[in-house]
Amino acid sequence: MVKLRKILFAVFTLLYLIICPALILYSLGIVIKPEIKDIVKTGVIYVDTTPSGATVFVNGKVSREETPTVIDNLIPGTYEIMIKAPHYKTWSTQVSVSAEKATPLNSILLLHDPILSTPISQKPVEKLITADENPFVLAVTGDNTKDLFLHLWDESFRQNLLPEKETTPFFLKSLFNNDPALAQGHIIKYFSTPSSPYMIFLVESNNKFKYYWSDLIFGATKIEDITDLFPTTPTDIQWNESDPRHLFSFENQSVSRIDLATKAIYPKILENVSAFTISGQMIFFINTSRSLVKTSTHSPQENIRLVSTSPLFNDLVYKHFPFSYLSAVSDNIIFLLGEDGSLLSNVKPYLLFDKDVLGFQWNKKAQKLAFWTATKVGVFDFSKGTDPQQDQRVWINYKFIEIKQAHWIQDNYLVVEDASDLLIANTECCGLSDVRKIADIQKNSNTYYSAKIGKIFLIPKETGLFSYINIISQHSLLKAVTKEKAEKNTEL
Amino acid sequence: MQHSYTKENLSPEEHKLQRVLEILPGATSWTILIGMIVLAVKQPLWAAILIIAIDLYWLFKLTYMTIFLLLSYFRLKTEEETDWKEKILHVDNLDHYLQNPARKPSPLNVAEFFSWRRHHEELNNLKNSGELPPPSSHIIHAILFPVSKEAACIIESSLESLRKQSFDSRRILIIFAVEERADESIKTDILNLQNNHQTEFFDILVFFHPDQIPGEARVKGANVTYAARKTTDFLAERNIAFKNVILSCFDADTIVSPNYLDCLTYHFLVTPKRYQTSFQPIPVYHNNIWQVPGFARVIETGSSFFQLIEATNPEKLVTFSSHSMSLKALIDVDYWPVDMISDDSAIFWKCYIHFNGQYKVVPILTTLSMDVAGSNNWFETVRAVYKQKRRWAWGVENFPIVVRLFLKNKAISRYDKIKHTFKMFEAHVSWSSWGFLLSIIGWLPIFYARQDFTYSVISYNAPRVMGIIFNLAGLSLVISILMSLSLLPKSDRRFPIKEQLIHALEWCTLPLILTFLSSLPALDAQTRLMLGRYMEFWVTDKHRTVKR
């Protein structure tokens, strides 16, 4: 046994001394290529698709594993990558592989083949009214209030709203039809808050302007006339999603607070305000002195202070004043859209773009901001930190015509409404050239993406009906949720 | 030149050296662990490379150990049916037998063939050595049981197993070494045992070890040394030659198989340098194996496997737990250390140094069974197992003493000193660090990967490589599971197959068990030694439902 032990020890030691460096070199991408009789530093391509299980072709040759997969031992150069899956459109791109580097093709979203839209309405719809992070979409078929319909896409809410004497849940419910007096009104404007199920409608009826507060998802739809609470016509009404009882109206450079429960009005709690927004218990506003300041909603006149002490940021605010829109995406991050088309943020690099910006969308999970002009879409990645040597901003490599809106899908895709094209753009890979058309839509009709169910709500040009398209399957959504939970547990 | 095997009463220079050597294992373990964490955060690329090398080394070592585990297990199984009495007769009639050996079995009957071949090799070695043994009829077994808190029913079971020995019980001397500080009820129970069973053996001696003898710590070694001295006096009064006495120091819960003492007798007789040899059986923990939580079953089976593997390397084998040796050798080295917790391993090193390296351990391929450390509930069992493993890991206290004495001893070859020093050091450092490296730290480079690492080939290849390594290691796990199912006694519960299936699944918790009930207590012990916080002896809680 002792002899055997010594022999085996020597053999294992020798094997280890041979295999270990070879394995390390392989892990680094350094391999021997017999065909060229040389040691080569290779690279890898990582391919991950939604849904998974797709077949990958590299320069026409099929990869041994389905996605997610690592294609290794690639000599530096350019490769044609093609991804195929049954019932999905083929996706392809050209990828450059560098020595000892990995080129990730993360979460490539495969589109159904064909992309089918499923109608919800039976009659044509003019446009959609959407409110972010809410379980509903409003469909508008005309100018009157009777032409406003509610669609609850979240089935758990839909089940609660069975009208009397009906046994099946509705797909589209008229909001104002029950009240004849309201049904002939003309909607002038609406106000909403992300993640809040309430909306306020400014309705013109018989030459009178009325404000209606509506609760769209609990019980039967409630509509309450709150016109008396607005002695003057506000240009904006906002509220905190966790405190819908208190409204903040903005008019004539002042902000007033309204208590819906007691019907109390607290006029001009803040004055000399150019623009404002609410986040949590804080009001952020630009004062007429051209500074971005903040204060508490409970005692707004006390402790008004600058949001940022950075002279550079405050100078930028001063320079690009006035601002048409403020958005506090968290207590720490605020975006400001100037009337000159500039886009600012209170975190570095402060000036995100200096002109023609029409809108922006924040991706909370990925900490990314998408913003657009009429012809360009840019993405700013705040998760990578701010390096003055490096521009964190990237542009989608596509010639847009007339961008109206953009929505985030997952962490790295944007759905862009470009004139009558509905496009999907990858914001991470492939030189940002991966832009594909999903559908033709009615111009200026709005679209809405529900991350929970992986559907886009739209009005296809061909049918004009309020419809939806499945973008991400339920199975892939479930996988993503499970993975997210596992990552959160790891962090904890 | 004799040097005292102790860390007490050292000269200032020796004390400094002692402290440096006490710090070394713990410092090395912590350096490895903290170093790897820092490397994973600061240089994830280099950390990933190192982790691959470590994981591969672990795979090779595991494979190497698994091969010897299988060989040792096979050998254990082949010796299960051995008629030791017959083999003892061959030794007693050595010349006659060698001239008229038993018929050689067919090589197709593998077990018998290897057993026969081994037996003949041993007999020929004995004959050629010229160191012929005493007649087997002169051999007396002295079985020493240290008692502190153990219940009478536990000891009774051990006694019962000795009564059932195929070896003549009239040549079995039982010694109970009872601590004076033990409860009166314990003392009464022991005396009752003595009264009830004295006539069944050569004798049953009971010695009460006084508390607080100067120079002694509150350790088991002090108790058994006291009893051994008294036993020596007892044997001297009866003119029994110490050379004919084999002393076995058992735990109070040790239960031996009926042929254990015959097996031990045979190995004693057939070993040429029997007075410079310890005899190490394979400890298993089967007494209450099905009464404890699954993780305790897994870890104790793992301990048995470790001893099986060690048994294949007698050149580096060290005594552990219940073992046996010649009383003569014990007297020559002045008994066990009276100030050390790890008396089981310390006695080997004491003998090794005393005999200038001419001392070894012979593995005897038979098992003796003890209790799994356990308690009435799951959490208390975790605590009990943790403390037991920490006490075992406290064997690191031998390292500084052995190295110091190696430095002074000129008779032991440099090669042997280096070999033993390296093995001891590597064993303890591996014990405390492997669990953490494999289960937790190995994955940190991926977790803390920075941008440049994230987009490197190794960030994608390393997890795949590690996955393949762990999958290959899974083969060893499967072998371990199968062997453990074979080794374990059959469950007496209603659904034994179900128990076995559950036990197989319990092995899947091995990474957790290795980390928190093996590496962590080892690190704890080494850290205490490093900081000079020497451990008190703690009698292991054991819980067993005794069937009537």
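B:Glu22 is found in helix α1 (residues 12-42) of chain B. The model is predicted. This briefing starts with that residue.

- B:Glu22 has a relative accessible area of 1%. The cut-off for buried is under 20%, so B:Glu22 counts as buried.
- The side chain of B:Glu22 makes a polar contact of 2.6 Å with the side chain of B:Arg19.
- Another polar contact, of 2.7 Å, links the side chains of B:Glu22 and B:Tyr534.
- B:Tyr534 is also on the list of residues that B:Glu22 touches, which leaves out residues up to four places away in sequence.

**Where chain A meets chain B**

- On the chain A side, 30 residues are in contact with 28 residues of chain B.
- About 2800 Å² of area is buried between the two chains. Carbon and sulfur atoms give 74% of that area.
- The rule finds two salt bridges across this interface. B:Glu315 forms a salt bridge with A:Lys6, and their closest N and O atoms are 3.8 Å apart.
- Four elements of chain A give two or more residues each to the side that touches chain B: α1 (2-28), β3 (43-50), β6 (69-74) and β9 (102-109).
- Of these, α1(A) gives the largest share, with 16 residues.
- By type, the chain A side divides into 19 nonpolar, five polar and six charged residues.

- Strand β40(A) covers residues 455-458. A:Lys455 and A:Phe457 point one way from the strand, while A:Ile456 and A:Leu458 point the other way. All four are buried.
- Strand β39(A), residues 448-450, runs antiparallel to β40(A), and three bridges join them. A:Ser450 stands opposite A:Lys455 of β40(A).
- The hairpin of β39(A) and β40(A) has four residues between the strands. There A:Gly454 takes a positive phi near 65 degrees.
- Strand β41(A), residues 465-470, is also antiparallel to β40(A), with four bridges joining the two. A:Ile469 in β41(A) stands opposite A:Ile456.
- The hairpin of β40(A) and β41(A) has six residues between the strands. In this hairpin A:Gly464 takes a positive phi near 75 degrees.

Terms used
Residues numbered from 1 in each chain as written. Chains lettered and ligands numbered in written order. Predicted model: local features only at pLDDT ≥ 70, side-chain atom pairs only at ≥ 80, totals over all residues. Heavy atoms only, no water. Buried < 20%, exposed > 50% of the residue type's maximum accessible area, 1.4 Å probe, protein only. Pairing = 2+ DSSP bridges. Contact = heavy atoms within 4.5 Å. Buried area = accessible area lost by both parts, 1.4 Å probe. Salt bridge = Lys/Arg side-chain N within 4 Å of Asp/Glu carboxyl O. Nonpolar A, V, L, I, M, F, W, Y, C, P; charged D, E, K, R; others polar. Polar contact = N/O pair within 3.5 Å; in protein donor to acceptor, adjacent residues only side chain to side chain.
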